[in-house]
Amino acid sequence: MTLTAIKQKTCILLKPDALEKNVVGKILDRLESEGFKLVAIKLIPPSKQLLEQFYAEHSGKEFYERFMEFMLSGPLIATAWEGENIVQRSRDVIGATNSKEAKPGTLRNLYGTDNRKNLVHGSDSPSSALRELKIMFRELD
Ligand code: CDP
Ligand code: MG
């Protein structure tokens, strides 16, 4: 099946474990190698308010509190990327939510730890990408 090429933006967060493990360069390198274009990047100090807004859809879920604790354990790096069908393609490169089940060669398989410490966030639709980019890059509005 050939997908019609649609240029999209996506929001990818390098979570605190990515910085902790010193694999930021490897992740950015991999995303660039896929042909994705980096359009914005910044270091975000831990902020409960920002993360609660970003992850509002998960509020109240059984994993939420421990997940937030992990996300607040250190700074993260917010990135914005552009590319054809990038939302799905970047999620393919990132791999399944549980790092232990992520396909060989995906970022989470290579550098993730488990279901929670899974290295990166990638937007799951073009509309969530726009919502997430607005939260992380207010100044670009
Ligand atoms: O990130 P992804 O879209 O693959 O997964 P999600 O279902 O949207 O969950 C958001 C994040 O919550 C995951 O990336 C995990 O870091 C975390 N999570 C967790 O801590 N425990 C779970 N049982 C499921 C997800
Ligand atoms: Mg998600």
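Of the 141 residues of the protein chain in this predicted model, 45% count as buried, that is, under 20% relative accessible area with a 1.4 Å probe, protein chains only. The chain holds seven helices and four strands, taken as DSSP runs (H or I, at least four residues, for helices; E, at least two, for strands) and numbered from the N terminus. The radius of gyration, taken over C-alpha atoms, is 14 Å, close to the 14 Å of the globule rule for 141 residues, so the chain is as compact as a globular protein of that length; the rule is 2.2 Å times the number of residues to the power 0.38.

**Fold**
- From the N terminus, the elements run β-α-α-β-α-α-β-α-α-β-α.
- The C-alpha trace spans about 40 × 35 × 25 Å along its principal axes.

- Beyond neighbours within four places in sequence, Phe137 is in contact (heavy atoms within 4.5 Å) with residues including Ala40, Ile41 and Ala78.

**Basis**
- Residues are numbered from 1 along each chain as its sequence is written, and chains are lettered from A and ligands numbered from 1 in the order written.
- Local features need pLDDT of at least 70, side-chain atom pairs count only at pLDDT 80 or more, and totals for chains, interfaces and linings use all residues, while side-chain values use heavy atoms, without hydrogens and water.

Technical notes
Buried means under 20% relative accessible area, exposed over 50%, partly exposed in between (1.4 Å probe, protein chains only).
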